[in-house]
Amino acid sequence: RILIKAGAGEGWHNLVVHCVNHNWGGIENLSLIPGTVGAAPMQNIGAYGVEIKDVIECVEGIDMTSGQTRSFSNEECKFSYRESVFKHDLKEKYFISSVTLSVTKKNHHVNTTYGAIQETLSQRGVHDATIRDVSDAVIYIRQSKLPDPHVIGNAGSFFKNPIITNDHYQSLKLS
């Protein structure tokens, strides 16, 4: 594993492309997500079976009152589904200045099980997928769902799946 520290203002997809181009694995499923590196931990971005919390080593922030810099461990970020400490307890208290990711240099865990990734890879004749293959498949899937934001402005795809109790789920199945 290696650590990559990226400034908060860097484009998220640019970081993904940089990692894929260097054969560093772990964020390829998060290809083509709009936004910045600094926004990624706030929302705990995720797509196609991967969440940013899976690779964040630490987040650096600047205290908006004192100007002091503080490093937050992955655990201190209190990540959960599309949530973090930066959306709640520390909302508007810290400016995220950088994010350090722990990614793989070799022996990558290539995640093709979520959504249409495996189907897309099969259609392309890919049987032993690399991180580049996964990134390309995710980009293809995303581009097939949304117009090119350079042609037609759009906010991308953003949502939060509802979380319900098992009892509620069972009652919905019966409806």
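The buried residues of helix α1 pack against β1 (2-7), α2 (39-43), β6 (94-103) and α4 (131-145) in this predicted model. Here, buried means under 20% relative accessible area, exposed over 50%, and partly exposed in between (1.4 Å probe, protein chains only); helices (H or I, at least four residues) and strands (E, at least two) are DSSP runs, numbered from the N terminus. The model being predicted, local features need pLDDT of at least 70 and side-chain atom pairs count only at pLDDT 80 or more, while totals for chains, interfaces and linings use all residues. Residues are numbered from 1 along each chain as its sequence is written, and side-chain values use heavy atoms, with hydrogens and water left out.

Helix α1 spans residues 12-21, and its buried residues are Trp 12, His 13, Leu 15, Val 16, Cys 19 and Val 20. Seen down the α1 axis, these fall within an arc of 155° (taken from the directions from the helix axis to the C-beta atoms), so they line one face of the helix. After α1 comes Asn 23, with a positive phi near 60°.

Trp 12 and Leu 15 turn up again in the largest nonpolar core, where they join Ile 27, Ile 52 and Leu 101 as the residues with the most contacts inside it. This core has 42 residues, and β1, α1, β4 (56-63), β6, α3 (117-123) and α4 each supply at least two of its residues. A nonpolar core is a set of buried Ala, Val, Leu, Ile, Met, Phe, Trp, Tyr and Cys residues joined through side-chain atoms within 4.5 Å. Leaving aside residues up to four places away in sequence, Trp 12 touches (heavy atoms within 4.5 Å) residues including Ile 27, Leu 30, Ile 33, Val 37, Ile 52 and Leu 101.

Now for the charges. The whole structure holds seven salt bridges, each a side-chain nitrogen of Lys or Arg within 4 Å of a carboxyl oxygen of Asp or Glu. Glu 51, Lys 53, Asp 54 and Arg 82 are linked in a network of them. Glu 51 meets Arg 82 at 2.8 Å, N to O. That pair links distant parts of the chain, with Glu 51 in strand β3 (residues 50-51) and Arg 82 in the loop between β5 (69-73) and β6, 31 residues apart. Both Glu 51 and Arg 82 are buried. Lys 53 pairs with Glu 51 at 3.8 Å and with Asp 54 at 3.2 Å. Lys 53 is partly exposed, at 30% relative accessible area, and so is Asp 54, at 44%.
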